[in-house]
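Biologist: I would like to go through this structure feature by feature. Please give the general idea where there is one, and then the case at hand.

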Amino acid sequence: MKEEFDQLCAASETAGPCTEKQIADAERELKIRFPSQYRSFLSEYGAVVTNGVELYRLPGIGADEMPLWQDVVKVSKQLVDWGQAGSENQSFVPITEDGTGVYFYLDTSSAPKTKIVAVGAGIEKTVSSDLFEFVVQMSKGQVTV
């Protein structure tokens with residue numbers, strides 16, 4: 001599945017790689033540890049916008065360009081301020097949303113393993129344990145909650 005994910009990213013807009021320091025700074029600010037697949041994604045691509053799916057970036061990555069990407073730290077804090085479902089769980093880090101009010105969170109309490117949870121009005125459901133497969137499926141409209 002990683003190969004298909006890489007092909008998807010190659011044909012899409014990406015922010016560019018993050019450094020280990022940038023990743024560690026974001027983890028420290030959020031008081032979590034990212035799963036290894038998300039760390040790998042950040043190290044290789046930084047962020048991606050593809051086929052209606054946006055996987056959020058870290059602070060400062062691509063920030064000097066037009067704002068194509070949401071910032072995972074900023075979105076995390078905004079969702080807490082708004083009282084968004086799921087944001088009360090400190091181990092949940094938003095990585096994307098589906099445009100209907102459902103956010104997809106990394107459950108960082110499962111790190112280094114990946115666990116992606118969909119949370120919205122009346123919804124809290126684990127949808128994937130593979131970041132790369134999740135993004136490919138989202139880009140094809142195959143993730144249902």
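**Rings, a helix and a sheet**

Modeller: K2 sits over the face of F132, 5.2 Å from the ring centre. Keep in mind that this is a predicted model.

Biologist: Which residues are in the cluster that ring pairs link with F132?

Modeller: The cluster is made up of F5, F34, Y38, F41, Y45 and F132, joined by ring pairs.

Biologist: How many aromatic pairs are there by the rule for rings?

Modeller: Ring centres must lie within 6.5 Å, and planes between the stacked and edge-to-face ranges, from 30 to 60 degrees, are called tilted. The count comes to nine aromatic pairs. In one of them, Y103 and Y105 have ring centres 6.5 Å apart and planes at 45°, so this pair is tilted. Both Y103 and Y105 are buried.

Biologist: How are the rings of F104 and F134 arranged?

Modeller: Their centres are 5.2 Å apart and the planes meet at 55°, so F104 and F134 form a tilted pair. F104 belongs to strand 5 (residues 103-107) and F134 to helix 5 (residues 131-139), so the contact ties together parts 30 residues apart in sequence.

Biologist: Is F104 buried or exposed?

Modeller: Buried is the label for a relative accessible area under 20%. F104 has 1% relative accessibility and so counts as buried. F134 is also buried, with a relative accessible area of 1%.

Biologist: How should I read burial along a helix?

Modeller: An α-helix has 3.6 residues a turn, so residues three or four places apart point the same way. In helix 5, seven of the nine residues are buried, so this helix is largely enclosed by the rest of the structure. The buried residues are L131, F132, F134, V135, V136, M138 and S139.

Biologist: What is found at the start of helix 5, and what comes just after this helix?

Modeller: At the start, a side-chain oxygen of D130 comes to within 2.9 Å of the backbone nitrogen of F132. Just after helix 5, G141 has a positive phi of about 70°.

Biologist: What is the strand order in the open sheet?

Modeller: Strands of a sheet pair through backbone hydrogen bonds, either parallel or antiparallel. Here four strands form an open sheet in the order 4-5-6-7, with antiparallel pairing. Strand 4 (92-97) and strand 7 (123-128) are at the edges with a single partner strand each, so one side of each has no neighbour in the sheet. From one strand to the next, the twist averages 35°.

Biologist: Over how many bridges do strand 4 and strand 5 pair?

Modeller: They pair over five bridges, in the antiparallel sense. V93 stands opposite L106 of strand 5.

How values were computed:
Residues are numbered from 1 along each chain as its sequence is written. This is a predicted model: local features need pLDDT of at least 70, side-chain atom pairs count only at pLDDT 80 or more; totals for chains, interfaces and linings use all residues. Side-chain values use heavy atoms; hydrogens and water are left out. Rings of Phe, Tyr and Trp (its six-membered ring) pair if their centres lie within 6.5 Å; planes under 30 degrees apart count as stacked, over 60 as edge-to-face and the rest as tilted. Buried means under 20% relative accessible area, exposed over 50%, partly exposed in between (1.4 Å probe, protein chains only). Helices (H or I, at least four residues) and strands (E, at least two) are DSSP runs, numbered from the N terminus. A charge sits over a ring if NZ of Lys or CZ of Arg is within 6 Å of the ring centre and within 35 degrees of the ring normal. A polar contact is a pair of N or O atoms within 3.5 Å; within protein, one must be able to donate a hydrogen and the other to accept it, and residues adjacent in sequence count only if both atoms are side-chain atoms. Two strands pair if DSSP finds at least two bridges between them. Axes are lines fitted to C-alpha atoms, for helices over the stretch in contact, and angles run from 0 to 180 degrees between N-to-C directions.
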